[in-house]
Amino acid sequence: MARRARSSGAAVAFAAAAAVAGCTGWSFLLPGASSQQGSRREALGAGLLGALAAGAQVAEAYELPPLGYAYDALEPSIDKATMEFHHDKHHNTYLTNINKALKDKEEPSILDLQKGAIKAGNAVRNNGGGFYNHNMFWTEMAPTGTGGKPSGALAAAIDKAFGSFDDMKAKFEAAGAPGARFGSGWVWLVVTKDKGLAITSTPNQDNPLMDGVEGTPGIPILGCDVWEHAYYLKYQFKRPDYIKAWWNVVNWPVVGQWYDGALQGKAPTTKGSETASFAL
Ligand SMILES: [Fe+2]
């Protein structure tokens with residue numbers, strides 16, 4: 001259970017003391033300080049106050065990963081404005097809220113958090129799920145024309161499970177259509193406990209790693225966000241058109257690596273294409 005340090009209480013205390021020292025003339029409290037002229041003291045005090053403010057900003061343990069490509073790199077499948085809002089606002093809100101929900105509590109890796117998220121209650125379920133799902137979403141996409149198609153073991157498994165790649169896409173699109181997934185949610189390609197492939201969908205920000213999830217549990221290797229915020233600016237009510245266009249920006253080499261990992265009982269960590277052990 002990894003926990004990245006939130007802001008150090010000692011560092012904050014030091015910065016506070018230093019700021020006071022800088023402002024009051026008690027500069028002897030500062031390492032290396034001697035008799036100070038006013039201008040230097042003010043500069044020092046300002047710098048330490050800045051450090052104090054910066055310390056407050058690094059208090060969160062999970063962090064928003066940058067996109068690995070430009071906001072407009074997925075055009076025309078996904079427009080630039082949607083990517084800006086989706087990543088910088090929606091995803092960032094899940095991040096802020098999961099950090100708030102876990103404030104002063106033990107904070108596991110974002111992957112480990114998923115298993116018990118439903119039992120943990122709505123704050124962890126919705127925001128921890130939302131943070132994990134979107135990290136995966138950005139990683140499994142690639143600039144238009146660069147994502148290739150399924151190959152190797154993954155391509156063979158898709159043919160075996162669904163008949164062909166086209167049949168798999170049709171089944172996936174059907175699972176994400178408003179009639180099948182009413183309201184907000186995700187569609188997933190998962191590796192099940194028996195190492196087979198399955199398509200499933202989940203409501204809201206649930207995912208197939210969560211104990212007690214609706215649908216088929218499994219290790220997700222591909223997920224499509226079918227919340228309106230993912231497509232409405234460009235596609236309005238035409239969610240099926242969005243899913244069809246989305247295939248053009250799937251990063252199949254990454255999905256293939258996640259498939260290989262899932263066969264060994266490992267799930268995406270959302271740190272690039274890395275995986276880590278996960279007991280379904
Ligand atoms: Fe989303």
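Predicted model: local features only at pLDDT ≥ 70, side-chain atom pairs only at ≥ 80, totals over all residues.
**Entry 1**

I found an open sheet of three strands in the order β2-β1-β3, and the pairing is antiparallel. The edge strands are β2 (197–203) and β3 (219–225), and each of these pairs on one side only.

As a reminder to myself, strands of a sheet pair through backbone hydrogen bonds, either parallel or antiparallel.

**Entry 1: β1 against β2**

How many bridges join β1 to β2? I get seven, with β1 spanning residues 185–191 and the two strands running antiparallel. L189 stands opposite I199 in β2, and W188 has T200 as its bridge partner in β2.

Next I asked whether β2 is mostly covered or mostly open. It is mostly covered, since five of the seven residues of β2 are buried.

I then went to the hairpin of β1 and β2, which has five residues between the strands. K195 in this hairpin takes a positive phi near 75°.

Which helices touch β1 and β3? I noted two of them. Helix α6 (residues 122–139) packs on the sheet with contacts to β1 and β3, and the direction of α6 makes about 85° with that of β3. Helix α11 packs on the sheet too, again touching β1 and β3, but the direction of α11 makes about 145° with that of β3.

**Entry 2: α7 meets α11**

I followed α11 (residues 252–263) to its contact with α7 (residues 152–162). The axes of these helices come within 8 Å and cross at roughly 80°. Angles of 65 to 115 degrees count as roughly perpendicular, so α7 and α11 are roughly perpendicular to each other.

Who makes the contact? On the α7 side I list G152, A153, L154 and A157, and on the α11 side V255, G256, Y259 and D260. By class, this contact has five nonpolar, two polar and one charged residues.

Leaving out residues up to four places away in sequence, Y259 touches A153, L154, A157, V191 and I221.

**Entry 3: the core and the whole chain**

I stepped back to the chain as a whole. I count 11 helices and five strands. Of the 280 residues, 36% are buried. Among contacts with a separation of 6 or more, 65% are between residues 24 or more positions apart.

Which residues have the most contacts inside the largest nonpolar core? They are V187, L189, I221, V255 and Y259, in a core of 54 residues.

I110 is found in helix α4 (residues 110–115). Buried or exposed? I110 has 21 other C-beta atoms within 10 Å, and the cut-off for buried is 20 or more, so I110 is buried. Beyond its neighbours within four places in sequence, I110 is in contact with Y62, F131, Y132 and T270. I also checked I110 against T269: they are 159 residues apart along the chain, yet their C-alpha atoms are separated by 7.4 Å.

T270 sits in the loop between β4 (266–268) and β5 (275–277). T270 is buried as well, with 22 other C-beta atoms within 10 Å. The phi of T270 is near 80°, a positive value in a residue other than glycine.

**Entry 4: I118**

I118 lies in helix α5 (residues 117–120). With 17 other C-beta atoms within 10 Å, I118 is partly exposed. Not counting residues up to four places away in sequence, I118 touches R125, M210, D211, G212 and V213. For I118 and G128, I noted 10 residues in sequence and 9.9 Å from C-alpha to C-alpha.

Most residues other than glycine have a negative phi, and most peptide bonds are trans. With that in mind I looked at two more spots.

D104, in the loop between α3 and α4, has a positive phi near 65°. D104 counts as exposed, with 6 C-beta neighbours inside 10 Å.

The peptide bond from E75 to P76 is cis, with omega near 0°. P76 is found in the loop between α2 (38–57) and α3 (80–101).

Key: Residues numbered from 1 in each chain as written. Axes fitted to C-alpha atoms, helices over the stretch in contact; angles between N-to-C directions. Helix = DSSP H or I, 4+ residues; strand = E, 2+ residues; numbered from the N terminus. Parallel < 35°, antiparallel > 145°, perpendicular 65-115°, else oblique. Contact = placed C-beta atoms within 7 Å. Nonpolar A, V, L, I, M, F, W, Y, C, P; charged D, E, K, R; others polar. Pairing = 2+ DSSP bridges. Buried ≥ 20, exposed ≤ 12 C-beta atoms within 10 Å, placed from the backbone. Core = buried A, V, L, I, M, F, W, Y, C linked by C-beta atoms within 7 Å.
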